[in-house]
Structure formats: structure tokens, C-alpha cells
Amino acid sequence: MIQSPRGTRDFLPNDMERRRFYEGILRQTAQRSGFREIQTPIFEEAELFILRSGPNILNELYAFKDKGDRDLALRPEMTAPAIRSFVNNMSNDPKPIKIFYFGQCFRYERPQSGRYREFFQFGAEIIGTATPQTDAEVIATALEMIKALGLKEYKARIGHIGILRKELMSAGITAEKMPEVLQKLDKKLYEEAWPLMKAAGVSRSGAYAIFELTGTVGGANVLDKVPGEESEYLRQILSYILAMGIDAPEIDLGVVRGLDYYTGMVFEIEAPVLGAEKQICGGGSYTLSELFGGEKVFSTGFAVGFDRVLLALEKEGAKYPISRMDAYVIAASEDTTKKAFEIVGMLRRNGVSADIDLADRKMAKAMKYASSVGSKFVVIVGNEDLAKDSVTVRDMSSGEQKSVKITDLPAEIRGH
């Protein structure tokens, strides 16, 4: 038996109903904040991701040659494709441009709880401005999304990668070595970061000062320890978030993010219920457009790990409204089958969700099937009722049934 590839999943009807419900909440929240949807290809030229993605993504890239000997890759994230689309199609549009997207991404990593080789991202970008207001708007939108989904426990952390980059450069880390060192610091792998820093000529005291910097966590007051324009910038972001009536994120100068293109503010949102692998959203400010042939444009964005959010909601016991079919139509005898099809068509045209027995089941089995699919009502089409231009309607919750005129049937079912 052929199975789905490792790290992928099949989503069955109940799964898709749940996923579409929560996806809809994310879309509505983005649109309410002025973002508009785009869609980009699932595969792109491999160079798009090789240019500035960082070592962790490059090691997990699904790259291949097509029949024209072109180097292509399945997208491992969606920010780079969004900016490539901006350069190709929207660079002359009025700024700022607010866009969002939802789709599959692919990384060849070890599958584990909430992490797959094929996974889904919901993200948003504001392109064309570099202000504290822009960064605040992005963080506020991300937090509003997580709140709207119904997650009870979550925590946001904000930092500024510019502070860490500046300290690393002062200590002697070159631009070429920076991504690898940042990757280790992002995961708090200090014992692995130290040999890299030592090889670059960083003193032990200098390295430990940087390690201590990544541990700077707390309220806005901790920014007093790191004077400079970056700290003041973070203070302004927090003030705008608070002005919108949203709880400010915690300052954490150890937030690095795994992508190499971030240049300024960076943030993450975590769900403690997920344990060690608790990140569900992350983003920051960056410049990418100049790498893809456009002019240098500042942007800020984020991505929600859709699969991990759903896992967190599941662990918290979140419930979502399960949709039920309104009516299931059953022909009481073979000679009423055509009339049953007329009735199901009439119901659908009148906005009633309806299905019909397609397997010529006996009445008892057809009723049992209607119950198994969760239909609210069963409409029984029999000769005795048809003689009076009526049908029998059975309420599947109460078990009560009554005769209803066919012309009144849509209103009768919609009224419940």
C-alpha cells in the first residue's frame, strides 16, 4: 500500500472543516487591518531562497532541476516570494503596501509534533515604510490574530537584531560568519557559538558579554542597559502598541529569528502549552527587494505557523462550531425517487444545504446514514404525502416528525 510521503498528511473532511474555520479567522483579522491577499507559486527559482535565507533553511531546502535544467526549489517560507512578487508587480504602487498570504511551505527536516516537511504559513507584510508605527502595526495585527483564534495562553517577545549585529561586528565577527553565529545564539547554543567566535578572534570576555546581552529580558526598563537609537526605537514601538489597547510584548534581546534577512526589530509569539517547541509566530523588519532586482525598500512582516497554532488550540481544548447539513432527502419508494431529486434541487436553490440517498437504501438504513452524517432533518418523500403536495420532515435531534407542504419546506427547515 502506497503511503503519503514522510512529513506530509492527508486532511479528511472533519480536519478541513476545522482548518477552514481557523483560516477564515486569520483572513478576517488581516482584512480588518487593511491587508489584501496575494498568492505566489509553490516553487520558485532556487536563487530566491539561496541569496539571503540563512544556513538553517539552506540545509533543508527542497531543490531540484526541471526538464529545462533550471534550478528550482519548493518554497521553504513565503516572505521572499512575496517580496519577489512586489518587485515584479507592485513596485510602482503607492506605499505602504499591506499584503497577506496563506499556503504550503516545504523544508526537509525531522518530522515531530507540530512540525512537518509540508507545513502551512499564514503571513502578512507591510512594504515601503521603516517606522516604529509600521512595526507596531505588524505586531498588533499578529497579536490580534492569535487572540481572535481563541488561544488562551500565549506570550510575545520583541527584540532588535541590529543591537546584536552591532555588538558582534564590534567583537570581530565578519558578515560572512554572522549568520552561523546568529543561528547558534538564536537557539541559545552558547557552547557551539563560542568556538566560532573564538576562531574569529573574539575574546572570552567579549563572547560572554554578548551571551549576557541575549539574556536581557523584561519590561521596557531593561532597555536602559542598552542605550542607543535601537533601544529608543523599541520604546516607541511599545508605546504605539499600548496606544491601540494591546498588551505590550516582553523585551527580549535574545530574539534572533532563523532567517538571515532581518535587520531591525524582531519578535516571536509563543504558546507555552506546546512545551519546548512553543513558537507559533515570528517576524521582523528587513530589506530584500534590492536582492531581487528592485530598489531598496524597507518592510516588516510576520508568519503564523498554522499547524502549530492548531496544535496549541487542540491542547487547550478549544472548540469550534461544527457545521451540520440541513436536510437529507429519502425516497420512501422507488417510484418517488425522481420527486425526491426535484425536492433536493429545490432546497439547494433556496439556500438549504441538502443531500439525497444515492444508494437505494431501505428506510431504516437510510435514516441511520442520515444520523451518521449529522443531518438536522430528514425529508421523507412518500406517495401518501405527495398526494397532498407534502412531505414528512423528521427532526433528528428530537425525533419528532410532521407533514409539511413542499412549498413551505425551505422556510420550515431554515426556521430551525
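Residues are numbered from 1 along each chain as its sequence is written, and side-chain values use heavy atoms, with hydrogens and water left out. Because the model is predicted, local features need pLDDT of at least 70 and side-chain atom pairs count only at pLDDT 80 or more, while totals for chains, interfaces and linings use all residues.

Me: How are α8 and α9 oriented to each other?
Reply: Helix α8 (residues 190–199) and helix α9 (residues 204–214) pack at an angle of about 140°, with axes 10 Å apart. Axes are lines fitted to C-alpha atoms, for helices over the stretch in contact, and angles run from 0 to 180 degrees between N-to-C directions. Angles under 35 degrees count as roughly parallel, over 145 as roughly antiparallel, 65 to 115 as roughly perpendicular and the rest as oblique. The orientation of α8 and α9 is therefore oblique.

Me: Into which classes do the residues of the contact of α8 with α9 divide?
Reply: Tyr190, Ala193, Trp194 and Met197 in α8 meet Arg204, Ala207, Ile210, Phe211 and Thr214 in α9, contact meaning heavy atoms within 4.5 Å. Ala, Val, Leu, Ile, Met, Phe, Trp, Tyr, Cys and Pro count as nonpolar, Asp, Glu, Lys and Arg as charged, and the others, Gly among them, as polar. The residues of this contact are seven nonpolar, one polar and one charged.

Me: Which residues in α5 does α1 meet?
Reply: α1 and helix α5 (residues 132–149) pack at an angle of about 145°, their axes being 9 Å apart. From α1, the residues in contact are Tyr22, Ile25, Leu26, Thr29 and Ala30. Their partners in α5 are Thr141, Glu144, Met145, Ala148 and Leu149.

Me: What is the geometry of the aromatic pair of Phe11 and Phe120?
Reply: Rings of Phe, Tyr and Trp (its six-membered ring) pair if their centres lie within 6.5 Å; planes under 30 degrees apart count as stacked, over 60 as edge-to-face and the rest as tilted. A search of the whole structure finds 14 aromatic pairs. For Phe11 and Phe120, the centres are 5.8 Å apart and the planes lie at 70°, so the pair is edge-to-face.

Me: Is Phe120 buried or exposed?
Reply: Buried means under 20% relative accessible area, exposed over 50%, and partly exposed in between (1.4 Å probe, protein chains only). Phe11 has a relative accessible area of 24% and is partly exposed. Phe120 has a relative accessible area of 12%, so Phe120 is buried.

Me: Which residues does Phe86 contact, leaving aside its neighbours within four places in sequence?
Reply: Phe86 is found in helix α4 (residues 79–90) and is buried, with a relative accessible area of 2%. Its contacts beyond those neighbours are Ser91, Lys95, Ile97, Ile127, Ser289 and Val297.

Me: Which residues does a cis peptide bond join?
Reply: Most residues other than glycine have a negative phi, and most peptide bonds are trans. The loop between α4 and β5 (97–106) holds Pro96. With omega at about 0°, the cis bond joins Lys95 and Pro96.

Me: What is the phi of Asp389?
Reply: Asp389 is found in the loop between α14 (383–386) and β16 (390–395). Asp389 is exposed, with a relative accessible area of 54%. Although Asp389 is not a glycine, its phi is positive, at about 55°.

Conventions: Helix = DSSP H or I, 4+ residues; strand = E, 2+ residues; numbered from the N terminus.
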